[in-house]
Every structure is written in structure tokens, then in C-alpha cells.
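These are my notebook entries on a structure that is new to me. I record here what I looked up, entry by entry.

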Amino acid sequence: MGAEHTSVPRWGTERPAPDPSARALLLVGFGARGCAITTAWAADVPAGRAVEVLAADDADEAVLAVLTARIAGARVGWRLMLAGPEADVLAARAVALRAGVLDAEIRCAVTSTERKRVYCPHCRTTTATTAPVAGETPCDGCGRRLHVYAHVSRRAGAYLGFMADAEEVA
Amino acid sequence: MTTALSSRVARFPFPFATDSYRYSTNVEPARRPVTTAAGGWGAGVLDVDDDYAAELAERRAVLAADPTRCQELPHMRVASWDALTTLLPELADTLPGTTSLDRVGDRWTWRNDRLGTARTFTVGDDDSLPEGPLAFLGSQIQDDVVLLDQREGALWADAGLVTFAADWSMGFDVGMRFLEVHGPVPRVHEAGVVQRAEQFLMRLQPGEEYRRTNWTMTVDRRLDTSTETYADWGRDRRLVVDDPALPDRLHLRVEVQHLIRLGVSNAVCFLVRTHVLSLRELATVPEWRQRFAAVLAELPDDMADYKGLTRFRGAAVDWLTSR
Amino acid sequence: MTATLPARTAARTGVLVLAVAAVADDVPGIRTLTLRRSEGGPLPAYPAGSHLVMDCGDRRNAYSLTGDGSPAEEYRVSVLLCPDGDGGSAFVHRLAVGDVVTASRPRSAFAPVSTARHHLLVAGGIGITPMLSHARAAVRWKRSFELLYGHRPGAGAHLDELRDLCGDRLAAYGSTPEMLAAVRAALADRPLGTHVYVCGPAPLIAFVEETAAELGWPAERVHAERFSAADLDPGEPFTARLARSGTRVPVPSGTSLLSALEEAGVAVPNLCRQGVCGECRVPVRSGRPLHRDLYLSEAERAAGDAVMCCVSRSVDDELELDL
């Protein structure tokens with residue numbers, strides 16, 4: 001039972017290669033390990049393709065704004081490759097998917113899954129955490145203890161958290 | 001009171017045909033009347049009952065408190081118009097005396113005396129229906145609505161108006177693939193149930209209508225058991241166990257789900273009509289009391305847990321079998 | 001299993017009885033039929049690019065509907081006379097006003113992708129018919145599109161109405177090299193978010209698919225209209241032998257094994273009648289099933305010891321069932 005059965009992404013153990021049919025590529029690396037991967041990808045892209053490489057510490061607003069602008073100007077044949085920690089890759093992928101990029105046009109390499117973004121449906125705040133799936137984290141918005149659920153929104157790039165002790169009698 | 005109660009029992013879509021329950025792709029063509037031990041249901045797609053005005057008032061209140069219950073990704077506007085223009089005529093046929101629909105080209109005038117609604121709008125003109133076609137539809141029918149887009153060989157839950165969710169969040173799930181929406185459900189993936197359901201839905205042809213049922217249990221007649229408000233209702237699952245009023249507070253909650261391929265937009269319209277019946281009401285039908293007790297007692301732990309029944313199912317079985 | 005009772009009545013057949021309301025031969029060899037319900041009234045809506053399967057004498061042919069798909073009282077199809085064809089087009093070209101034909105409800109297999117930012121429509125010859133539907137729907141719903149239309153000089157069906165409808169979004173070509181150059185130029189430079197749709201002669205479809213792939217278009221953005229034989233295939237006749245009773249049930253071409261069993265008085269649980277739900281599985285003792293369902297796994301198919309009788313048939317002249 002694999003990735004197609006759950007909303008939780010299962011990153012393959014093998015690093016993907018650049019799509020040989022791409023005519024133009026944007027490679028975005030997050031952190032040192034992510035940027036090492038984009039450097040390797042850039043070397044693997046066949047000659048004659050337009051390649052742009054972006055490097056960022058994490059998926060902050062600045063790099064996501066650049067990504068949005070590049071997508072707006074892209075022509076069919078363009079591909080996006082993302083490398084870095086899961087939280088950053090999910091955030092960048094969410095921006096791309098919301099802008100109409102297809103799954104088939106995105107390839108990802110995840111270097112760690114420790115950090116997560118957890119969405120609280122009770123107060124609609126997203127909290128950064130290192131809690132594991134099925135673990136708990138306090139919500140930055142409402143302070144509730146959130147159970148980190150095995151359910152991920154591709155559009156938000158976040159895990160669902162719900163109140164861990166809602167059924168306890170105070 | 002007696003009349004209302006017996007009407008609720010008579011129309012209740014009791015979902016169990018045997019003494020055990022497992023997930024299956026239990027789809028069947030819509031509009032087939034089903035006879036139950038207490039009456040029957042299912043002759044039409046829309047089911048307007050005595051709770052019509054009250055449930056729509058409840059939906060308005062839920063939406064006012066939390067507008068994220070209504071979601072529509074921008075590419076779904078045609079599907080929303082399609083859902084409205086498919087289901088308003090259906091509602092007019094369902095309520096012939098108290099509603100009317102006049103159509104002059106794309107100019108539609110809808111009157112609903114049950115709710116005091118009178119609106120004129122132009123199909124496809126967003127300015128003529130400022131709240132949007134999906135929200136307007138949701139103000140006229142008791143069903144929750146989810147609209148599934150079909151592309152890239154999959155279905156996508158890209159729009160929905162869901163105020164009566166059984167422990168899930170439309171606001172979080174919007175934009176997910178059909179398979180992803182069902183990701184947390186135990187057993188169904190190994191059994192291939194969700195994949196088969198998606199394949200089935202993707203093959204629906206324009207205008208085809210099917211239905212299925214699903215069920216869970218809810219404390220009190222609370223329709224809004226969404227993830228968003230879990231903090232408000234979660235505790236009742238524990239408190240009800242020792243409450244002498246358990247047979248009146250604990251309800252079998254049945255969803256009659258209709259699956260309709262909309263003609264113009266090619267979207268699949270998923271209607272979820274929620275019916276709740278207390279154990280005490282249910283027990284007025286001896287066959288239902290026995291059968292539901294058997295189903296609850298036999299249900300595997302993982303399924304009971306996912307449905308949120310674990311805390312009270314023992315107490316429910318005890319009450320159902322002690323009579 | 002759950003909930004729903006086995007369905008016993010036949011699934012909706014969905015046959016439309018249509019009268020020819022008008023016939024137009026604006027372009028030599030291409031006949032446009034206007035069809036209305038014999039009894040009048042609205043016809044089912046359909047997504048752009050849908051087709052009807054029409055009974056043409058002893059043939060069944062699929063013809064694209066050319067409207068925008070909104071609910072209306074008429075359908076239009078345009079049919080090219082193929083003197084070397086199987087006779088379906090000749091049948092259509094013999095029809096006159098007042099003649100009655102039967103057809104399926106609209107079937108959708110070539111719908112526009114709702115998330116597309118731009119629709120690139122490519123038509124060759126009579127392949128213009130589904131593209132006319134796409135263009136009309138795009139105008140109605142304000143979608144960005146362009147249409148590249150290659151046709152023989154003087155034989156461009158619907159050219160005048162396309163010019164009115166599309167304005168400068170239409171580019172028509174009377175020579176194949178010019179058309180192919182225009183297609184290549186478009187595929188080489190369109191915004192990300194564009195989807196391309198092609199209908200026409202097989203070499204044109206192949207050119208679009210190959211050029212798109214070469215220029216980096218993922219397959220998910222490329223859509224070609226081919227009529228599916230699976231929709232139409234009535235299957236070869238065979239005999240079902242019921243091992244327990246020794247009864248032999250003939251299954252004619254065009255009749256499902258399930259229907260034949262029901263007509264012979266053999267009750268088989270079933271729900272969807274489309275090879276999806278798994279309800280109508282019947283054990284096989286001998287003979288090789290011709291699996292056409294979506295339910296059985298590859299391993300189950302290979303085992304050959306069960307058949308989903310609503311859609312599947314028999315490779316051999318006789319199939320022995322454990323009934």
C-alpha cells in the first residue's frame with residue numbers, strides 16, 4: 001500500500017533525475033543538503049535546456065514569491081524540481097500546485113522529514129513543529145494540544161492537527 | 001410530538017441488511033424506493049422532511065460562524081452553477097406545492113415558500129447571485145454538497161459546502177484527490193474499496209445518478225460534528241456513557257449519499273443527506289434494535305475506533321440488548 | 001456486506017428516441033442533423049466533446065454533439081459520408097426530416113479540463129465536430145481558447161459559424177503543411193497551464209501527440225478524441241451452463257450474462273451493473289471468462305474461477321457456472 005492511498009507523501013528512497021523531456025527547468029534547493037542536490041541535478045540536465053537554480057535556507061516568502069513569478073511566466077515544457085527538508089518542499093510544491101503546475105511537472109527530493117507544519121482546524125493557525133505523526137504539539141494560535149494526524153493537504157503543504165484531549169473530562 | 005417522532009422513524013434509512021458491517025462499494029442506482037421494517041425511503045434524490053427549515057437555519061448559523069465550511073476552488077464555478085441548475089428543478093419537483101421555478105432562457109426565478117425565498121438570477125452570471133451558486137444551493141437543500149472535478153485520471157474534491165460533516169473537515173480536504181480524502185479510513189485501501197469507488201465514479205456518464213449509505217453514531221441531534229468543532233462535542237462521547245439519558249442522547253447517524261454526474265461541467269456531485277435517530281426511537285422497531293445491537297457488538301475495534309464509537313459502544317449494546 | 005438491498009430491475013438503459021427536425025448539407029459530403037425528442041421536451045445536458053451512440057440500421061456509430069452542452073431541446077451532429085465505411089454514415093445521409101432514430105444518452109470521453117489556463121483546440125477535417133462543441137462551451141463559460149482547423153479547400157464544415165463564434169481565435173488552413181507548421185508553432189510556445197485537444201485523421205493525432213511529447217508536454221496536458229470500441233462492443237454469443245441444475249442459458253450478443261440469468265429466473269445479487277461494485281461475482285467451474293470488469297485483480301482474472309456477470313462474457317462457446 002503506497003503513496004496513492006494516503007495523503008501523507010511517501011518520498012521515494014531513490015533521488016529522481018531531471019525529466020529528459022523538459023525544455024526548461026527551475027531547480028530550488030533548501031538548506032545545504034538541498035542545494036547539493038540541485039547542483040547535482042543541474043549537472044545532469046542535458047545540454048540545450050534552460051536551467052535556473054535557486055538556493056534558499058528555507059521556504060520563506062521571498063523564495064516562494066520568486067517561484068510564483070517564474071510559474072506565471074513559464075511555457076509548457078517547463079519543469080520544477082525541489083530538494084530539501086519535507087516542510088520546505090511541501091510549502092513550495094503547494095505554491096506550484098495552486099498555480100496550476102501538475103504533479104507530472106514536479107519532482108522532489110526530501111532530505112529530512114523532521115520538521116512539519118501542522119494546521120489547526122479549531123483556530124486555523126499553522127504551527128511549525130518537530131513532533132512526529134501521531135505525536136502532539138501545542139498550537140501557536142489557540143494553545144490547544146494538537147494530535148498530529150496522518151493527513152496532509154497538498155494545497156496547504158501542512159499536516160492536520162486536531163485537539164488531542166477533546167474527549168477528556170476536565 | 002408522537003407524529004413527528006413516528007414520521008422520523010418511518011422515513012429513516014436504516015442501513016443494515018445483515019448482522020455485521022464491513023466497508024464495501026455499496027452503490028446502487030438512485031430513485032429506487034426501499035421498504036424498511038418501519039416504512040421506507042429513497043424514491044427521490046432529495047428528501048425534504050419535517051426538519052427542513054430547522055436544519056437550514058442551523059446551516060446558516062454554522063456558515064456565519066465559520067465561512068470555511070464553504071469551499072470553491074476558482075475552476076469549480078461552472079460545476080457550482082451546474083449543481084444549482086441540476087438540483088433546483090429537482091427540488092421544485094420534490095416540493096410541487098410550495099416552490100416554483102420559472103425559466104426564461106438563462107433567467108431563472110426561484111420561489112420557495114417553505115423558507116420564504118424568492119430570487120431571480122442569470123445562469124452563469126456570478127454577479128446575479130452574489131453568495132455564489134454553491135452557497136445558494138446549500139440554502140435550499142438539507143444535503144451537504146461536495147463537487148469532484150475529474151482530471152489526470154483522478155477525482156479531486158475541489159469544492160464543497162459541508163456544515164454537517166461526520167468528523168472531517170472540508171476546509172482542510174479541499175483540493176485533495178478522492179483517494180487522499182479517504183486516506184485515514186482503515187481497511188478500505190487494502191480491500192480496494194476506495195479505488196473501486198473512484199473508478200466507478202469516473203465512469204459515470206452525464207446525468208447518471210447512484211447512491212450509497214454510510215453510518216456512524218452521534219451524541220444528541222448534533223449535525224455539525226466537524227473536525228473544526230471537535231472541542232465542542234468530543235467530550236460528549238465520554239459523558240454520555242454514564243448518562244441515564246443515553247438512549248435518548250445516543251443516535252445512529254446515517255448518511256444517504258447521492259452521486260450524480262453533472263451534465264454541463266462533467267463534475268461529480270456528491271450529496272450527503274444526514275439522518276439521525278436516537279436509540280430509543282430506533283428501539284421502537286424490534287428488528288432494528290436487534291440488528292443494530294448485533295452490528296455494533298460485532299464491529300472490529302479499528303473500525304469502531306475510526307468511527308469514534310469506542311467509548312460508548314459497549315453501553316449502547318448493553319442498552320439495546322437489555323430490553 | 002452492507003446496507004443496500006440487491007437490485008433486481010434492469011439498470012437504466014438511457015435510450016433516446018429522436019426525430020430528425022432538420023437536415024442541412026452546407027458542405028458537400030457532410031450532413032448536419034438537428035434532432036429533437038419525438039415527444040418534445042428538454043434533452044440531457046452534456047460536457048463539451050460528448051458523443052451519442054446512434055443506431056444506424058444494423059450498426060451503432062458514435063457521433064460528436066456540436067452544441068455547448070447546456071440543457072436544450074435539440075442536438076446537432078454532423079456526419080461525413082464515408083462511401084467505403086461500414087454503412088453508418090450512408091444511413092445518416094439517407095435520413096429525412098421526420099425520420100426517427102434511437103441513440104444513447106450523451107457520453108463524455110473528451111471533456112475540457114477545468115483547471116486549464118488556456119485551451120488549444122486542433123481539428124482536422126470532420127474532427128471539427130467535437131471542437132465546435134468545445135469552442136461553444138469556451139465562449140459560454142468565458143474560457144481562454146484558440147482553434148487551429150485544417151480542412152480541404154472548400155470543404156470546411158461549420159467554417160462560417162466558427163468565424164462568427166471564434167473571431168480571431170480561429171485559424172483555418174487549407175493546406176496540410178501550413179496546418180502542421182501552425183500546430184508545431186503553437187505547441188512550441190504556449191503558457192504553462194495550457195491543455196491541447198486534438199480530433200481528426202489518425203496522422204494528425206499522431207503528429208500532435210509526437211510533437212507535444214518532443215516539446216516537453218506531459219501526457220496529462222494532451223487529449224485526443226478516439227471513440228472507444230469498448231463502449232459499443234455487444235460481445236459474441238455464448239452459452240452459460242448452470243452446473244447445479246444442468247440448465248443451459250443462451251447469452252446472445254448484446255445481452256449481458258447477468259440479464260440472461262435473470263431472464264432465466266436465476267437471481268444473482270447485483271448493484272452497479274457496470275463491473276465495479278463486485279456484487280454479481282459468479283463462480284466459474286470451466287470455460288475461460290472474458291473479463292471486462294474493473295473489480296477483479298489481475299491474479300483473480302488469471303485464476304479464471306469467477307466472473308463478474310454484469311459486464312464480462314466468455315472466450316469459449318460455453319461457460320460452466322457453479323450455480
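This is a predicted model: local features need pLDDT of at least 70, side-chain atom pairs count only at pLDDT 80 or more; totals for chains, interfaces and linings use all residues.

Into which domains is chain C divided? I found domain 1 at residues 15-104, domain 2 at 118-229 and domain 3 at 233-321 of chain C. I then looked up the centres of domain 1 and domain 3 of chain C, taken over C-alpha atoms, and they are separated by 33 Å.

**Entry: the sheet in chain C**

I next turned to an open sheet of chain C, which has five strands in the order 9-8-7-10-11. Its pairing is parallel. I asked why one side of strand 9 and of strand 11 of chain C is left without a neighbour in the sheet. Strand 9 (170-173) and strand 11 (222-224) of chain C stand at the edges and have a single partner strand each, so one side of each lacks a neighbour there. On average, neighbouring strands of this sheet are turned by 15 degrees against each other, direction ignored.

I followed one pair in detail. Strand 7 (residues 118-124) and strand 10 (residues 194-199) of chain C run parallel and are joined by six bridges. Within this pair I located C:His118, which stands opposite C:Thr194 of strand 10.

I also looked up helices at this sheet. Helix 2 (residues 128-140) of chain C packs on the sheet and touches strand 7, strand 8 (145-150) and strand 10 of chain C. The direction of helix 2 makes about 155 degrees with that of strand 7 of chain C. Helix 5 (residues 202-214) of chain C lies across strand 7, strand 10 and strand 11 of chain C, and runs at about 155 degrees to strand 10.

**Entry: a surface patch in chain C**

I recorded a nonpolar surface patch of about 240 Å², made by C:Val15, C:Val17 and C:Val100. I placed C:Val100 in strand 6 (residues 100-104) of chain C.

**Entry: the sheet in chain A**

In chain A I looked up an open sheet of five strands with the order 6-5-9-8-7 and mixed pairing. Strand 6 (125-129) and strand 7 (136-138) of chain A are its edge strands, and each pairs on one side only. Neighbouring strands here are turned by 45 degrees against each other on average, direction ignored.

I then checked strand 5 (residues 116-120) and strand 9 (residues 158-163) of chain A, which run parallel and are joined by two bridges. A:Tyr119 stands opposite A:Leu160 in strand 9. Helix 3 (residues 86-98) of chain A packs on this sheet, touching strand 5, strand 8 (145-153) and strand 9 of chain A. I noted an angle of about 60 degrees between the directions of helix 3 and strand 5 of chain A.

Conventions. Residues are numbered from 1 along each chain as its sequence is written. Chains are lettered from A and ligands numbered from 1 in the order in which they are written. Side-chain values use heavy atoms; hydrogens and water are left out. Two strands pair if DSSP finds at least two bridges between them. Helices (H or I, at least four residues) and strands (E, at least two) are DSSP runs, numbered from the N terminus. Axes are lines fitted to C-alpha atoms, for helices over the stretch in contact, and angles run from 0 to 180 degrees between N-to-C directions. Contact means heavy atoms within 4.5 Å. Domain bounds come from an automatic or database domain assignment. Patches are made of residues with over 30% relative accessible area and no salt bridge: like charges are joined within 9 Å, nonpolar side chains (Val, Leu, Ile, Met, Phe, Trp, Tyr) within 5 Å. Accessible areas come from the Shrake-Rupley method with a 1.4 Å probe; for residues, only the protein chains shown count as cover. A salt bridge is a side-chain nitrogen of Lys or Arg within 4 Å of a carboxyl oxygen of Asp or Glu.
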